[in-house]
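Subject: Structure handover

Hello,

Here is the structure for you to look through. My notes on it come after the entry.

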Amino acid sequence: MHVVKRRKTSTGTIHLKEMEFIHIFVFLLFCWTGADALFTRTYYVKEEQPAYTKIANLTQEFIDTKFAGANQSVSFRIISSSEPRWVEIDNMGVLKTKQKIDRDVVCRHNPKCVVTLELMSNTMAICVIKIEIEDLNDNAPRFPTDHIDIEISENADPGTRFPLEGASDPDSGSYGVQTYSITPNELFGLEIKTRGDGSKFAELVVEKPLDREVQSRYDYSITAEDGGDPPKSGRVKLNIKVIDSNDNNPVFDQAVYSVKVMENSPINTVVINLNATDPDEGTNGEVRYSFNSYVSDKTREAFKIDPKTGVITVNGPLDYETTTVYEIDVQAKDLGPNSIPAHCKVNVEVLDANDNVPVINLLPVSSEIEEVSENAGPEYVIALVRVLDKDSGLNGKVKCKLLGNVPFRLQEYETFSTILVAGKLDREERDRYNLTIQAEDSGNPSLKTTKSFAVKIKDENDNPPHFTKPHYQTMVMENNTPGKHLFTVTARDPDMGLNGSVTYSIVEKNVLDMSISSYVQVGPTTGEIYAQRSFDHEMTRSFEFNIMAKDQGQPSLSSTATVKIVVIDVNDNIPFITSPRLVNGTAEVSIPRNAGVGYLVTQVKADDYDEGENGRLTYSITEGDRPYFEIDEMNGEIRTTTTFSDRTKTTYEITVMTHDHGKPSLSASAYIVIYVSPDLNAQESIGTVNLSLIFIIALGSIAAILFVTMIFVAVKCKRDNKEIRTYNCRVAEYSYGNQKKSSKKKKLSKNDIRLVPRDVEETDKMNVVSCSSLTSPLNYFDYHQQTLPLGCRRSESTFLNVENQNSRNAAPNHGYHHTFTGQGPQQPDLIINGMPLPEVRLSLRPNQLRPITARAALVSEKPSYLGHLFAQAGCAGLEPEPVPAPPEVGGGREGTRRAGGRDCALSPRSPSSVMSCGACTRAWACPA
């Protein structure tokens with residue numbers, strides 16, 4: 001909070017209670033508005049300035065003190081003003097006078113004359129502006145009359161005092177009356193005294209003895225001066241008449257009396273009974289009481305004195321709030337000659353009575369209607385309440401409360417109250433509240449008052465449009481006219497104005513790959529839905545779309561509803577015959593001459609794009625040879641009703657009509673020519689033949705035949721493939737699926753055999769499987785595994801055991817040699833078509849293959865057996881020959897094998913290899 005003050009010494013006064021109220025008001029206003037800063041300024045302006053005199057530019061000071069930016073627009077709104085007649089602020093933020101200010105009229109005799117304004121800027125800063133009206137010495141002291149007459153007894157002792165009527169000066173402070181002087185001052189002097197209200201008056205003092213016989217009359221001039229520079233003065237003539245004296249003067253019991261009286265005292269209420277004594281007799285001792293001549297008219301209106309008794313009573317209404325103390329100067333004078341009056345002062349204190357009803361004011365006082373948004377939350381302040389009671393003490397202590405059951409509450413503070421929102425506000429439920437505030441003081445009896453004002457609930461866009469139904473459905477006949485009104489949707493928004501103004505639109509989507517806007521259109525303000533095209537039930541039986549209702553608030557709210565359009569079928573499609581096939585509306589069929597009664601001639605089938613009764617068809621024979629044939633009106637089967645002989649005619653003609661059941665009914669007809677042929681065998685139709693089932697069975701059979709044929713061709717092509725292939729022992733059979741098939745078989749040559757080194761990562765023992773059912777030359781897998789390669793049966797598999805060699809890492813160009821050794825009865829070395837073969841050693845020679853082993857006799861005796869082995873392997877033209885066993889290949893000594901006319905270098909250090917035959921679809925193991 002930034003508080004900036006300017007101070008300047010000046011005279012004047014303002015009521016202390018009012019200053020405290022202003023401070024409390026500013027603090028509460030600051031808290032209520034949540035203002036960011038408090039801007040305080042004190043300005044001074046001389047009185048008597050003309051209207052529209054500029055006092056200050058608040059906008060510029062806001063910018064200078066960083067309360068607003070240099071380019072920011074600043075505006076002010078007056079919340080309260082102690083003197084709205086004097087000052088105003090324009091749209092530019094310039095504070096100026098509204099009229100010529102006469103300080104002496106409003107702030108007469110007050111030391112300070114201050115106008116206080118509370119402003120609120122659009123930057124949420126509270127401004128407390130004090131404008132002190134500086135007094136000018138523009139008035140001279142003035143006496144109420146142009147001369148003063150006074151009578152003084154000649155025996156008046158020096159020091160005797162006679163109060164004189166004082167001069168008045170509307171100016172205040174030092175510019176008021178400050179001193180009196182008398183000219184000349186040879187016998188009399190002046191003593192200046194001050195009253196309780198601060199005004200000064202003079203008393204004439206006898207300074208020297210008087211002698212009426214020497215001089216009975218004196219003329220003096222009394223001058224009153226103020227404290228201006230230069231001072232202003234006023235004069236009055238003083239006429240003194242010296243008379244003979246009365247020896248004894250009346251005497252009051254005391255010089256000053258103090259009494260109290262209630263402000264609501266009725267007229268003639270006794271205030272005080274004064275008593276002045278005079279020891280003289282007769283008229284010299286008969287005392288008369290009166291107010292001094294300078295007692296104000298206001299005092300004379302409030303009180304009166306009985307001249308004979310000296311009783312002071314109430315003469316008019318008293319008002320504590322206007323005047324709290326009256327000072328009454330009373331004199332008592334006997335009726336004797338040369339009477340010297342006695343003087344006393346009576347101070348009357350007016351006591352407060354509870355005679356003022358509290359006054360309720362709403363701040364700011366803009367109108368009798370306060371507005372608040374329906375979104376205002378709890379504790380939102382809608383008004384400040386200021387209650388004034390001119391009474392004092394308990395009579396001025398006021399309590400407020402809010403009457404009625406309303407969603408508001410009243411929060412009381414020391415001098416203010418606030419009206420807060422205490423519940424949920426909903427303009428749609430209630431848009432106006434009449435609030436009544438009751439203020440009651442604590443006097444006895446108490447006084448209370450009420451003030452009513454209206455609170456208008458401002459609308460907020462808090463309600464989306466609401467459709468009367470979440471789902472709409474309507475039916476429309478097909479072939480409608482484009483632009484036809486289908487139906488109307490309605491959405492209501494309880495908000496007001498633009499917040500409640502609803503517009504309709506269709507949410508974009510596609511129906512049959514076309515925008516929904518090509519089907520229907522909605523009126524933006526009416527909600528009427530129109531068809532944009534002619535609907536076809538056969539293409540679109542129904543379609544759905546969403547329609548959106550949107551208000552015009554900021555931000556806008558919307559809701560959607562689902563609309564379903566059902567297109568009702570109309571009998572607009574003529575049936576058409578699909579079977580038998582018509583040529584120019586005519587179909588020809590043949591039946592055997594020996595066909596019996598009930599023979600199925602043909603079946604007429606028709607279709608109709610319409611639905612329901614519009615698409616339900618019946619069949620009938622309308623013309624032609626009707627006695628010979630009949631038709632089932634439901635399924636269209638035409639059957640014979642008689643037998644045909646050699647003498648009957650060979651050609652019959654009938655007209656078959658099919659018609660739907662729409663209104664009106666539509667039909668189609670076919671002209672059928674039936675030939676009676678003697679060459680056809682008659683088969684009596686028994687029951688209804690399901691042609692669809694027959695057609696499905698035929699298609700399935702053809703597909704199965706094609707599938708089997710494809711498999712056979714694929715296997716055959718695989719077997720006939722004579723391209724040279726090199727296989728790693730680990731490669732599966734399907735790795736060579738793209739190998740080209742040789743167009744013709746060729747005889748095994750030396751180029752058809754090559755050695756494939758065994759992979760160095762191969763396990764120690766691996767079984768080589770050759771299977772006639774497989775397309776790969778060799779398959780490697782463990783003999784004990786449960787599953788053979790796909791398509792290979794164990795009964796026709798050939799297992800060759802490959803034993804680990806120490807010379808696994810030998811050069812790949814070494815000779816190929818391997819010996820199948822026995823592995824025990826559980827794992828035979830060589831199995832041919834499920835039969836185990838003892839240890840076998842194979843030797844390759846050009847164009848021959850011969851077993852060499854200790855059990856060679858077994859092979860020699862059954863050469864066809866081993867030939868069957870190679871035939872199983874698929875090697876054409878390669879038969880085993882009974883040749884002698886080759887010499888053993890020793891360690892480190894290389895041997896030579898020949899196969900197909902080609903020498904193969906063999907080495908005992910070479911790893912196990914596979915020799916493949918390019919002319920075969922199978923391969924065999926070749927010992928290292």
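The notes below cover a pocket, some salt bridges and a surface patch.

Please keep in mind that this is a predicted model.

The second largest pocket holds about 530 Å³ of space. Its lining is made of 25 residues, and those nearest the centre are Arg161, Phe162, Pro163, Glu203 and His343. Strands β9, β12 and β23 each give two or more residues to this lining, with the largest share, four residues, coming from β23. By type, the lining has eleven nonpolar, seven polar and seven charged residues.

There are 16 salt bridges in the structure. One of them joins Glu203 to Lys193, with 3.4 Å between the closest N and O atoms. Glu203 is in strand β12 and Lys193 in strand β11, so this pair ties together parts ten residues apart in sequence. Glu203 counts as buried because its relative accessible area, 10%, is under 20%. Lys193, at 31%, is partly exposed. Both belong to a network of salt bridges that also includes Arg161 and Glu191.

Another salt bridge links Glu379 and Arg409, at 2.6 Å from N to O. Glu379 sits in the loop between β25 and β26, and Arg409 in strand β28, so the bridge ties together parts 30 residues apart in sequence. Glu379 is partly exposed at 44% relative accessible area, and Arg409 is partly exposed at 29%.

Lastly, Phe707, Val708, Ile711 and Val715 make a nonpolar surface patch of about 360 Å². Val708 belongs to helix α5, residues 691-719, and is exposed, with a relative accessible area of 56%.

Regards

Technical notes:
Residues numbered from 1 in each chain as written. Predicted model: local features only at pLDDT ≥ 70, side-chain atom pairs only at ≥ 80, totals over all residues. Heavy atoms only, no water. 1 Å grid on protein atoms, 1.4 Å probe; cavity = no way out; pocket = protein on both sides within 12 Å on 5 of 7 lines; lining within 4 Å. Points joined across faces, edges and corners; volume = space filled by probe spheres on them. Nonpolar A, V, L, I, M, F, W, Y, C, P; charged D, E, K, R; others polar. Patch = residues over 30% accessible without salt bridge, like charges linked within 9 Å, V, L, I, M, F, W, Y side chains within 5 Å. Areas by Shrake-Rupley, 256 points an atom, 1.4 Å probe, with all protein chains shown as cover. Salt bridge = Lys/Arg side-chain N within 4 Å of Asp/Glu carboxyl O. Buried < 20%, exposed > 50% of the residue type's maximum accessible area, 1.4 Å probe, protein only.
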